[in-house]
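Subject: Structure handover

Hello,

Here is the structure I said I would pass on. Please open it and keep it beside this message as you read.

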Amino acid sequence: MKFGWLTLAHSPSPQDDTRAIFEQLEQATFAEATGFHGVWLTEHNFTGESVYADPIPFAAALAMRTERIRIGFAVIQMALRQPVRLATQLSLLDNLTRGRLDIGVGRGSIFNEYEFIGYGLRSDDSRERMAEALDVMTKAWTATPLDHKGKYFTASLPELRPFPVQRPHPPIWHSVASAASFRLCGEKGVPILTVRLPLAQIGVRLGEYAQGLGASGLDDAAQKRLLQDAAIWRWVYVGESRAAAEDELVAALVKTRQHMNHARNDLNPADFRVDPALLNPWTDPSHSDEDGIRFALRSGTLIGTARDVAEQVAELRQAGVGHLLCQMSFGYLDHERIKASMRRFGETVIPAFA
């Protein structure tokens with residue numbers, strides 16, 4: 001199995017941001033020392049969620065502190081980006097990492113409309129805008145010269161410099177959740193990242209992806225590799241005991257949820273509505289913190305001692321998971337406790353599935 005280290009950490013206040021950024025950098029660097037295959041960086045804006053906000057310059061700093069570990073995005077919010085500028089930045093980053101870059105893409109937050117508004121946009125056309133941005137970004141790496149005139153972007157350039165190290169470009173991972181998205185990405189033959197799916201749904205969703213891959217035209221070896229690499233997200237916290245781990249993580253998650261709901265209630269415009277089909281007790285503010293935390297722990301968390309967590313990982317492997325994205329960094333959870341959790345995971349869990 002492959003294990004990726006993922007962060008989605010809040011900074012509690014502007015006064016804490018600098019400290020939190022450097023703690024994130026230390027944790028991400030420590031992920032290489034503890035045996036993780038990749039570091040995956042999220043992107044959010046304006047409220048201290050993903051405290052570094054823009055993962056691209058943060059990834060450049062991380063590239064200078066690491067040698068082996070791959071550096072990925074889960075995900076870049078494509079609808080907020082100018083695609084030629086993004087292609088240039090990512091080409092430079094692929095050079096700085098010497099070809100260790102993975103690019104996860106998504107249209108943008110489905111809950112935080114204030115992020116779109118901050119960039120002078122709304123989310124109504126985000127799928128269409130993302131599709132064109134992704135097309136232009138890919139063409140910038142593969143078409144010389146590039147001449148594009150579309151609905152959202154117009155660009156004309158002789159060639160992009162520097163070229164990325166990975167040719168024709170770094171791997172582009174697509175964020176998926178619905179059965180139809182799994183199948184479609186399989187048909188396109190693209191690598192995928194997905195959300196904290198309940199255990200019972202994982203085999204079904206991966207089956208949809210496998211069916212799509214079967215129609216992709218790729219050879220059997222390529223299909224097998226993509227299926228094995230499909231990345232499943234989990235919250236992970238390894239404590240000295242099961243009870244201590246649950247107490248420590250629950251305290252952090254309560255503050256995280258309150259921060260998240262407070263920002264959305266105060267900053268999202270009155271005319272914005274989240275699709276009810278996308279809500280669950282963790283993301284739906286009408287549910288209590290107790291119900292939200294209970295749902296999150298039950299459906300998307302690996303928690304306990306290192307032995308407990310290894311047994312939970314074994315269940316995921318039995319369901320077909322070959323690539324696990326471990327969110328081990330939480331805002332409101334002490335920095336040293338996060339590193340201790342990572343150390344226990346690296347010493348016990350990763351070797352058991354090498």
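Predicted model: local features only at pLDDT ≥ 70, side-chain atom pairs only at ≥ 80, totals over all residues.

Start with strand β11, residues 323–329, where seven of seven residues are buried. Strand β1 (residues 2–7) runs parallel to β11 and is joined to it by six bridges; within this pairing, Trp5 has Cys326 as its partner. Strand β9 (residues 231–238) is also parallel to β11, with five bridges between them, and here Ala231 is partnered with His323.

Next, the core. In soluble globular proteins, nonpolar side chains tend to be buried together. The largest nonpolar core here has 99 residues, and Phe36, Leu90 and Phe345 touch the most other members. Leaving out residues up to four places away in sequence, the contacts of Phe36 include Trp5, Cys326, Met328 and Phe345. Trp5 and Cys326 are the bridge partners mentioned above.

Now the charges. Side chains of opposite charge can pair when their charged atoms come close. The model has 20 salt bridges. In one of them, Lys339 meets Glu26 at 2.7 Å, N to O. Lys339 belongs to helix α12 (residues 335–352) and Glu26 to helix α1 (residues 17–33), so this pair ties together parts that are 313 residues apart in sequence. Lys339 is buried, at 13% relative accessible area, while Glu26 is partly exposed, at 35%.

Other pairs sit within a single helix:

- Lys139 and Asp135 form a salt bridge with closest N and O atoms 3.2 Å apart; both are in helix α5 (residues 126–142), four residues apart, about one turn of the helix.
- Arg294 and Asp291 form a salt bridge at 2.7 Å, N to O; both are in helix α10 (residues 289–300), three residues apart, again about one turn.

There is also a network of salt bridges that links Asp16, Arg19 and Glu23.

Finally, look at Glu115 in helix α4 (residues 113–118).

Regards

Note on methods. Residues numbered from 1 in each chain as written. Heavy atoms only, no water. Buried < 20%, exposed > 50% of the residue type's maximum accessible area, 1.4 Å probe, protein only. Helix = DSSP H or I, 4+ residues; strand = E, 2+ residues; numbered from the N terminus. Pairing = 2+ DSSP bridges. Core = buried A, V, L, I, M, F, W, Y, C linked by side-chain atoms within 4.5 Å. Contact = heavy atoms within 4.5 Å. Salt bridge = Lys/Arg side-chain N within 4 Å of Asp/Glu carboxyl O.
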